[in-house]
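Hi,

Here is the structure I promised to pass on. Have a look at it first, and then read on for what turned up.

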Amino acid sequence: MTDTTTGGAFGGLTIDFGGTAADTEAAPVEAPEAVATGDPVTARIVIVGAGPAGLTSAIYAGRAGLDPIVLGGHEPGGQLMLTSEVENYPGFPEGILGPELMARFRAQAERFGGRMIDEAVDRIDLSTRPFRLWAGGLEYRADAVIVATGASAIWLGLESEERLRGRGVSACATCDGFFFRDRDVAVVGGGDTALEEALYLTRFARNVRMIVRRDAFRGSRILQERALSDPRISVEWEAQVAEVLGETKVEALRLRDSRTAEERTVAVDGVFVAIGHRPNTDVFRGWLDMDEKGYLVPDTTTASRIPGVFIAGDVDDHRYRQAITAAGEGCRAAIDAERWLEEQGVLTADEVAEVASSMPW
Ligand SMILES: Cc1cc2nc3c(=O)[nH]c(=O)nc-3n(C[C@H](O)[C@H](O)[C@H](O)COP(=O)(O)OP(=O)(O)OC[C@H]3O[C@@H](n4cnc5c(N)ncnc54)[C@H](O)[C@@H]3O)c2cc1C
């Protein structure tokens, strides 16, 4: 499939990502059990997730001679496939389209031997080594695993919202606030994330209109006070977004009163949906440590509580949530995995020497 959402030809690179940009959440697994599904595919390292974190891990693991397999799930390329212009990823002074940036990550990972399989992991067994993972009806066995399954922004679920994503609809003020200098924007949500996004957007926007479904915020008192006392922030209480209006870019919102169902239209240039994120961790439940929201919690560095299983990117990071931080963690996880494999004797001394001699330093 080659369209602007799931892949395509960018800057001379033609990458077929396959898959769809659909839901990235795997079904919950209660009691993982081994089921033979044919000959297992073996690898020294399997990377779960093909966003900035997973693909950076693949670049490093590939260059370390580990021949990684990347299981990319339902959204190969990750969250940046849902956006247009990315202006804060270093190395691209003119900016770059999200899908093009991810096509470049993928091409670089493939150049060093990364094998891309756009299937979602739906079952795992981390009780013994090699670890076992199932995806697309096949079993994969790996000496080490990097989990880089990211987190998905929760959207309103409107057709108009999906159509105008990257054209004024966003889920990331840090990423896209800059594009709304002296414009009018709306932030949907009433929790801490929405309040933080609204306050951040006052650096750029002329007016920030918060759309809150109830008659009160859910966020912390201090953030509420800061938002309510900011002259650039106004609040539409008890209002829900019925439709995002605009043909090729956001022009207005059709709001519905939560009590009376009366509708009204407010003009805005951008909409930031801030109703939460959901980490893609269901399949790891019971195996890896999680916080109360389901984000993975690394043990030390990028290591999980299971030796040989490493964690990288938005799947454990609900603070920074940026492509560069995810890529940085992907690098750290691959280096940690490589060192661990070396300690286990999975990488032989000859292989370590060979990899070292191929490095430019
Ligand atoms: C609208 C929007 C705009 C953004 N703009 C910017 C920006 O301008 N600059 C910036 O730095 N950041 C931006 N971000 C944030 C950035 O996209 C994320 O921080 C980054 O993508 C996180 O990378 P990741 O690899 O950790 O996870 P993700 O990008 O979420 O990738 C997760 C990967 O895991 C896969 N996966 C999930 N479950 C499974 C499974 N069970 N089996 C196999 N694979 C699985 C998915 O298919 C996907 O390939 C934006 C985010 C959004 C939503």
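Let's start at the ligand: one of its oxygen atoms has a backbone N or O atom of A148 at 3.4 Å. For R321, the distance from a backbone N or O atom to a ligand oxygen is 3.2 Å. As for cover, the ligand on its own has 990 Å² of accessible area, and the protein covers 98% of that. Do keep in mind that this is a predicted model.

There are 37 residues around the ligand, and those that come nearest are G72, E75, V121, D314 and A323. Sorted by class, the shell has 17 nonpolar residues, 15 polar ones and five charged ones.

Next, strand 9, which covers residues 131-135. Is it buried or exposed? Five of its five residues are buried, so the strand is largely enclosed by the rest of the structure. In a regular strand, side chains alternate between the two faces of the sheet. Here both faces are covered: F131, L133 and A135 are buried on one side, and R132 and W134 are buried on the other.

Strand 9 also has partners to look at. With strand 8 (residues 121-125) it pairs in the antiparallel sense over four bridges, and a hairpin of five residues joins the two. In that pairing, R123 stands opposite W134. Strand 10 (residues 138-147) pairs with strand 9 too, again antiparallel, over five bridges. There, W134 stands opposite E139. This second hairpin has two residues between its strands, and G136 in the turn has a positive phi of about 55 degrees.

Last, a separate topic: three strands form an open sheet in the order 16-17-18, with antiparallel pairing. Strand 16 (239-245) and strand 18 (263-267) are at the edges with a single partner strand each, so one side of each has no neighbour in the sheet. From one strand to the next, the twist averages 30 degrees. Strand 17 (residues 252-257) pairs with strand 18 over five bridges, and R256 stands opposite E263 in strand 18.

Over to you, and happy browsing!

Terms used. Residues numbered from 1 in each chain as written. Predicted model: local features only at pLDDT ≥ 70, side-chain atom pairs only at ≥ 80, totals over all residues. Heavy atoms only, no water. Near = heavy atom within 4 Å. Polar contact = N/O pair within 3.5 Å; in protein donor to acceptor, adjacent residues only side chain to side chain. Areas by Shrake-Rupley, 256 points an atom, 1.4 Å probe, with all protein chains shown as cover. Nonpolar A, V, L, I, M, F, W, Y, C, P; charged D, E, K, R; others polar. Pairing = 2+ DSSP bridges. Axes fitted to C-alpha atoms, helices over the stretch in contact; angles between N-to-C directions. Buried < 20%, exposed > 50% of the residue type's maximum accessible area, 1.4 Å probe, protein only.
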